Each structure stands twice: as C-alpha cells, then as structure tokens.
Amino acid sequence: MKILAIDKVREDATPDVIRANFLKEVAHTIKLYLADVVREVYFRQDRSGTVMVLEAPSLEEAQSLIGTLPLVRQGQIEFELIPLGPYVPLGLLIEEADSPAEATAAGPAQ
C-alpha cells in the first residue's frame with residue numbers, strides 16, 4: 001500500500017531539540033529508504049517540512065514505522081498519513097467491448 005506522509009511540527013516543539021536531532025532524523029529516514037519503506041522524500045516548497053511516499057502493508061504498519069523517527073519519538077513532529085490507491089476513474093476510459101471476456105465470447109476478429 002502506498003501512503004502519503006505529510007509532517008507537521010507540533011505546537012509544543014522546541015527549535016533547539018529539532019536542530020539537535022535533525023541529522024539523526026535524516027539518518028533514520030535513509031535507513032527506512034534502504035529498507036524500501038520510504039520510496040520518495042521531498043522538502044516542501046510552501047513551508048518548512050517533509051513529505052514522503054511510503055510503502056507498507058497497512059496504514060497501521062506505516063504509522064508504526066513513522067513512529068520510529070527520532071523527532072516523532074520525541075514529540076517534536078507528527079505525520080498525517082493518507083492511504084493512496086489506483087486512480088479508479090481511469091476505468092471509465094475503457095469500453096466494455098474491449099474487455100478480454102467479451103472479446104473471447106465474440107470469437108476471433110474477422
């Protein structure tokens with residue numbers, strides 16, 4: 001399952017704690033990347049922050065993995081997790097006549 005993870009600095013976060021642990025956060029993110037959990041990671045352009053695309057078996061597992069990040073463990077940041085799936089409206093572009101079942105039932109093309 002793909003999951004979009006958007007960070008948010010908590011209101012009670014301390015800039016000194018964030019600065020002191022930032023390199024640990026980056027190192028842990030790299031470990032999650034190498035473990036094929038973090039598939040993509042970006043800095044936001046509209047504000048300070050990180051957006052990641054995760055791969056996990058479930059939303060609960062993704063939450064557990066995000067919970068291992070140092071700044072999350074220390075209560076400095078939190079992540080909104082959004083499960084992603086296929087863009088279902090693309091199916092509207094496929095005509096029923098093009099489906100394999102109907103093509104088989106109609107017999108070979110003449």
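Analyst: Start with burial: buried means under 20% relative accessible area, exposed over 50%, and partly exposed in between (1.4 Å probe, protein chains only). This is a predicted model: local features need pLDDT of at least 70, side-chain atom pairs count only at pLDDT 80 or more, and totals for chains, interfaces and linings use all residues. Residues are numbered from 1 along each chain as its sequence is written, and side-chain values use heavy atoms, with hydrogens and water left out.

User: Is N21 buried or exposed, and why?

Analyst: N21 counts as buried because its relative accessible area is 8%. N21 lies in helix α1. Helices (H or I, at least four residues) and strands (E, at least two) are DSSP runs, numbered from the N terminus. Contact means heavy atoms within 4.5 Å. Neighbours within four places in sequence aside, N21 is in contact with L71 and Q74.

User: Why does E55 count as partly exposed?

Analyst: E55 has 22% relative accessibility, so it counts as partly exposed. Its place is in strand β3. Not counting residues up to four places away in sequence, E55 touches M1, K2, D36, V37 and R39. With the side chain of K2, the E55 side chain makes a polar contact (3.2 Å). A polar contact is a pair of N or O atoms within 3.5 Å; within protein, one must be able to donate a hydrogen and the other to accept it, and residues adjacent in sequence count only if both atoms are side-chain atoms.

User: How do I read a core?

Analyst: In soluble globular proteins, nonpolar side chains tend to be buried together. A nonpolar core is a set of buried Ala, Val, Leu, Ile, Met, Phe, Trp, Tyr and Cys residues joined through side-chain atoms within 4.5 Å. Here the largest one has 17 residues, and those with the most contacts inside it are A5, M52, L54, I66, L69, F79 and L81. At least two residues of this core come from each of β1, β3, α2 (59–66), α3 (70–73) and β4.

User: Which residues does L69 contact, leaving aside its neighbours within four places in sequence?

Analyst: L69 is in contact with E25, H28, T29, L32, M52 and F79.

User: And pockets?

Analyst: Rolling a probe the size of a water molecule over the atoms shows where empty space is left. On a 1 Å grid over the protein atoms alone, where a 1.4 Å probe fits, a pocket is an open set of points with protein on both sides within 12 Å along at least five of seven lines; lining residues have an atom within 4 Å of a point. Grid points are joined across faces, edges and corners, and a volume is the space filled by probe spheres set on the points. The largest pocket has a volume of about 420 Å³. Of its 22 lining residues, D7, F22, E25, F43 and T50 are the closest to its centre.

User: Which element gives the largest share of that lining?

Analyst: α1 does, with 8 residues.
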